[in-house]
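I begin with one residue and its surroundings and then turn to the chain as a whole.

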Amino acid sequence: MAVASAIRIHGQREAAFAIDAIGKTALDLGLKGVTIDKIDVRVAQLLESRHLIPGVSDRLDKVVSHVTTPEHLQQERNLLAEIDRGRGAVEPIVPASEAAPRLQQAAGERPLNGEQLGAATLALSTRDRIVVIQGVAGAGKTTMIETIAGVAREEGKSLLGLSVANKMVGMLRDEAGIEAQTVSSFVNAHLRGALAGRGPQFDSSREALSGKVLMLDEASLVANDAMNNLAVIANKLGVERLLLIGDRAQLQAIDAGKAFSLVQSHDPAMARLDTSLRQQTEHMKQVATLTREGNFREAFQVLGDRIKQAGKEESHVAMAASKWLALPAEERAGTALYASGRASRAELNKLVQQGLKDEGTIKGEGKAVNTLLDVNATREELRYNHTYRAGQVLDVVRNSQPGGLDRGRYQVIAPRADGKVILRDADGRQMIFDPSKIAPTDKRDAIKLSERDRITLHEGDRIRWTATDKDRGLHNSDQAKVLSVDEHAIRVQNAKGDVIDLKPGDKMLERLGLSYAINMHQAQGMTTDKGIGVMHSSERHLSNQRLTHVMATRVRYDIEIVTNDKDRLLKAIERNPGDKTSALETIGEKSIDARGGIRAAPEGNAKLPDTLRPDPDKLPGMSTGSMRSVPQLELPERNIERSR
């Protein structure tokens with residue numbers, strides 16, 4: 001049971017994971033009777049039965065350190081099969097010989113450069129349905145997209161933009177001028193029809209996507225599962241194109257896989273945009289190139305005194321906030337505050353807000369509002385009561401009755417010693433909730449767990465939304481400005497200039513936060529004139545090469561990095577590429593990344609650690625069946641969708 005849960009926890013976020021991590025997570029679950037010896041035996045049994053697949057080893061002793069699952073392998077193979085299925089499957093929208101003059105005419109006063117022109121020509125003229133455009137940050141992808149859309153419209157086709165985040169969807173609509181929606185909403189609308197292959201849903205989706213060129217922006221942020229779904233929809237419903245546009249050097253998906261990099265390893269129809277048009281100063285051009293190539297020591301040398309180290313008694317976060325507040329008002333709007341994580345972002349927001357209040361930029365005593373912050377937990381972790389804390393809010397957002405709970409909102413009163421959780425429903429009634437009854441294979445994300453926070457809003461504050469209200473034009477991650485605050489309402493102006501009154505009880509009052517600082521996942525895809533980055537040398541998962549590269553490539557003119565310790569920060573970055581894992585790369589079937597992550601070593605036979613070799617005498621009376629998961633805790637690989 002503990003090992004099965006550990007595999008599900010790691011398997012949601014990574015396509016391959018360390019054997020040691022399985023053991024640690026299984027122990028941390030705190031289940032009675034679980035020991036490291038029993039965990040080793042169970043892992044060995046799963047390896048022997050091929051429910052876990054050992055990776056190849058690059059160690060001299062050939063000891064295996066990482067494993068994957070059959071389902072992660074199958075998912076990646078399915079994705080590559082869809083790439084193959086799309087080869088030679090479509091007709092050119094425009095012949096290559098005619099593309100250049102038409103594209104330049106559509107580009108108008110912003111003519112495409114050679115790289116943009118070549119990529120756009122490939123997108124329109126190839127006979128492959130799935131096309132990759134690998135473009136560095138700032139390469140002018142938005143301009144190219146807008147131009148492709150113009151030529152496609154002349155041929156009776158239309159572009160539909162897709163992205164993982166609402167903010168990026170909004171940018172596609174506003175900057176590229178194309179219809180756009182989130183990947184999740186698109187998949188929810190069309191996957192069932194595509195998989196059905198016939199019938200009303202299939203016909204409806206096929207008609208809706210007739211003549212569509214699907215354009216996935218920031219493709220590096222898309223996980224294996226979602227990328228596979230998009231490829232299936234594109235092929236089965238016969239869309240004109242699926243264009244995958246992004247930069248493999250930037251941030252990768254939160255959930256398992258590095259699908260964009262995996263697809264690039266499979267020789268797709270692909271064009272490259274290797275020249276950044278964003279950086280306008282020589283030193284930032286150097287830094288962007290150096291960080292892209294993994295040369296962070298040299299990038300730090302170029303930045304020189306722009307990397308600031310706080311004193312021993314000084315907070316680096318407070319130092320960064322003071323630097324931003326010291327800027328002239330006209331420079332603040334063009335200078336982003338980049339935070340590496342949630343804690344530093346929250347602290348930056350509070351410090352900046354207080355500074356603005358002290359100088360009179362934001363006004364009034366303000367009004368306190370209770371907000372909600374999402375708890376970062378995997379689906380499997382939500383099946384354990386130690387994930388729940390008194391005061392949290394549990395929202396059931398689907399009618400599937402996870403763990404027996406009806407749709408609605410519940411307050412967490414307390415977790416109990418017997419593994420259950422005491423809840424209170426909207427009518428004030430207490431009930432006992434057993435999270436272990438949530439089906440372990442249910443991937444519909446029917447439960448959302450949040451923590452309460454309390455912030456004070458003043459006239460003039462900058463805020464961002466953490467949820468979406470489409471009817472009022474309030475989109476997740478979009479910014480807004482507080483116009484006024486009184487006992488009747490908080491009046492805000494949204495990103496489009498609409499004025500909205502948020503009255504007491506309005507659901508969006510709890511789904512907002514201050515937006516003076518942004519984190520790196522929000523920053524990808526954005527551009528500012530200058531930036532101030534905040535990083536701490538001990539943030540093991542956040543001080544990595546990908547995050548640093550994204551931060552360094554957001555700005556046109558200049559960036560400062562504020563840290564607690566320059567030397568330790570550099571060492572932390574150099575140690576941690578920030579790469580995701582691939583199942584196929586782990587077993588040596590694919591070579592995807594040139595640096596970081598788990599490397600393939602095809603030569604030599606993999607060898608299991610001695611501790612993972614089954615020993616019948618180690619635990620008397622033990623059999624493979626005796627440690628098998630209880631029915632509701634089946635291993636994830638046994639119930640992953642098989643309908644691909």
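1. Threonine 528 touches Gly334, Ala336, Tyr338, Arg554, Val555 and Arg556, where residues up to four places away in sequence are not counted and a contact means heavy atoms within 4.5 Å. This threonine is found in strand 24, residues 528-535, strands being DSSP runs of E with at least two residues and helices DSSP runs of H or I with at least four, both numbered from the N terminus. Threonine 528 counts as buried because its relative accessibility is 13%; buried means under 20% relative accessible area, exposed over 50%, and partly exposed in between, with a 1.4 Å probe and protein chains only. From lysine 32, which is 496 residues away along the chain, the C-alpha atom of threonine 528 is separated by 53 Å.

2. On the basis of these values: this is a predicted model, in which local features need pLDDT of at least 70 and side-chain atom pairs count only at pLDDT 80 or more, while totals for chains, interfaces and linings use all residues. Residues are numbered from 1 along each chain as its sequence is written, and side-chain values use heavy atoms, with hydrogens and water left out.

3. As to the overall form, the chain has 21 helices and 25 strands, and its C-alpha trace spans about 75 × 65 × 55 Å along the principal axes. The radius of gyration is 26 Å, which agrees with the value near 26 Å for a compact globule of 644 residues; this radius is taken over C-alpha atoms, and the globule rule is 2.2 Å times the number of residues to the power 0.38.

4. Of the 644 residues, 52% count as buried. Among the contacts with a separation of 6 or more, 73% are accounted for by residues 24 or more positions apart. The accessible surface comes to about 28400 Å², with 46% of it belonging to carbon and sulfur atoms, as given by the Shrake-Rupley method with a 1.4 Å probe.

5. The domain assignment gives domain 1 (1-68), domain 2 (92-273), domain 3 (282-368 + 457-575) and domain 4 (381-439), with bounds that come from an automatic or database domain assignment. Taken over C-alpha atoms, the centres of domain 2 and domain 4 are separated by 40 Å.

6. Serine 477 has a positive phi of about 80°, and its place is in the loop between strand 18 (462-465) and strand 19 (479-485), where serine 477 counts as buried at 18% relative accessibility.

7. Which residues count as exposed? Serine 210 does, at 55% relative accessibility, and so does arginine 192, at 64%. Serine 210 is found in the loop between helix 10 (200-208) and strand 7 (212-216), and it is 9.3 Å from serine 158, C-alpha to C-alpha, although the two are 52 residues apart in sequence. Arginine 192 lies in helix 9, residues 183-196, and its C-alpha atom is separated by 19 Å from that of alanine 81, which is 111 residues away along the chain.
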